[in-house]
Amino acid sequence: MWYLCVFYHRLLEYRKPEFESLAGLFGAFAGTTTGSLEWRLPEDQHPDSPFHFVNIPSEEIARNIASRSILVKGIYELWGEGQTFEELEEAIKSYPDERKLPYLTPDTTFKITVESFGKVISFHEQNNRLQKLAFIPFKGRVNLKNPDHKFFLMDNDDYGSENGLPPIVQRRIFFGREIGAADRKILQTYQLKSRKYLGPTAMDAEMAFLMANQAQVRTGKLVYDPFVGTGSILIAAAHFGAMTMGADIDIRVVRDGRGPDCNVWSNFKQYGLPMPLSLLRADNNLPPWRSGLKEVFDAIICDPPYGVRAGGRKSGGRKLLKGVVAPYTVPDDKRTGHIPSTAPYSLVECVHDLLELAARMLVPGGRLVYFYPVLRDNESVDPNFPEHPCFELIASCEQILSYRYSRVLLTMIKIAPYTEDIAEAARIRHSEFKENHLKWLEDGNLHSAVFEPAEIQINGSGDAKFGTKPKYRGKYV
């Protein structure tokens, strides 16, 4: 059945991938967790409009998606739409009575909410619009606090062109019954500013929950973050009932934090969440898993270090890697408090090791969700993302962080078992990717590319000239 989906005007490229991931989680694709829903735009709507029609198998699935989603404001059974209230009235009257009458009976309570996208409307205007719905034969009582049924009257009236919102072609008015709505109060609960233990790369709560939804995290699943840091991503996974496990190369982060009451464990305790099964001091370049162990994790979710706020590190130290000193074993009497030496870890090597880890340790159908940095050139994104024979890329969502660089959330699903032949094919692909990709990726110079001085053009009058920003920049929200 077709429903009206209204999104929040945020992270526009993330909206449909999150929705379809949740649709797979709640059984919309008949026996598989991956698929595509049928979408269409309302008449005269911009692609970045919050209003979209989507075909969902059942009302229960629609309700589950709305209640779990971070970017869905609400899903509605549409009773009518039109450019004017006259067209809206005609559409509502022609909607089948058998779909309307069960929600208009005397023994029910209801509430009608009036909203306008991109524009604040006065209480007087809201009342005027409500009066135009007098033709609907509501027989129940109004209950504004806890109604049995919620109805919404929404439109996208002309709000001007200087506010950063998608351009309006024609006004469109919608009226429908609410099926489900998002609960974004969890973002206030988990906001970083109230968290006990934070680091410079702690993942924003909204993005952490989006990543968990992309990975289809749910109760009983085992989720692993190989770059756990202060645990932001695992906190989102634990909120949805998953068992969690993390690792970090810095033993001071996973073991000590800032004291017994300010560490990764205290973050989980702060929210009353189940503690991680384990937090390891481990190197992504030298995984700690015994040989033969594979297909353990249901999802791997992470934000690899790419050198803007923090650079990647691997075990060994410069002298060891250069052969100046031989490999050594730390004596037993010096292991307590020992901090192993580390060396720079390039992003291309880090991503290759991550894909190898995921190929070996994810269950069939498991998901790898991670961020990948991209330098922006003329507002375009290089589509050359890392590949692996075990994985299929099902979603790439860009988040622009500055006019120079952005990060892309890649969602990959494991489609083939890990074998020695696949490992060799992956090594060849990695070599080709390493040779063909940008030099900053191998050398870890993203930080320099991002923070180097901007080029300023001087016009004929000797004045500095900067590029102007377009009026509507959808990807920047």
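A cavity, on a 1 Å grid over the protein atoms alone, is a set of points where a 1.4 Å probe fits but cannot get out, and its lining residues have an atom within 4 Å of a point. Rolling a probe the size of a water molecule over the atoms shows where empty space is left.

Some ground rules. This is a predicted model, where local features need pLDDT of at least 70, side-chain atom pairs count only at pLDDT 80 or more, and totals for chains, interfaces and linings use all residues. Residues are numbered from 1 along each chain as its sequence is written, and side-chain values use heavy atoms, with hydrogens and water left out.

On confidence: pLDDT is the predictor's confidence in each residue, from 0 to 100. The chain average is 86, and 85% of the residues score at least 70.

Now the cavities. How many of 30 Å³ or more does the structure hold? There are four. The largest cavity has about 80 Å³ of space, a volume being the space filled by probe spheres set on grid points joined across faces, edges and corners. Among the residues lining the largest cavity are Val348, His352, Glu387, Arg429 and Phe433. Helices α12 (347-361) and α13 (420-436) each supply at least two residues of that lining; helices are DSSP runs of H or I, at least four residues, and strands are runs of E, at least two.

Lastly, Glu398, which is found in strand β16 (residues 391-400). Is Glu398 buried or exposed? Glu398 counts as buried because its relative accessibility is 5%, and buried means under 20% with a 1.4 Å probe, protein chains only.

How values were computed
Buried means under 20% relative accessible area, exposed over 50%, partly exposed in between (1.4 Å probe, protein chains only). On a 1 Å grid over the protein atoms alone, a cavity is a set of points where a 1.4 Å probe fits but cannot get out, and a pocket is an open set with protein on both sides within 12 Å along at least five of seven lines; lining residues have an atom within 4 Å of a point.
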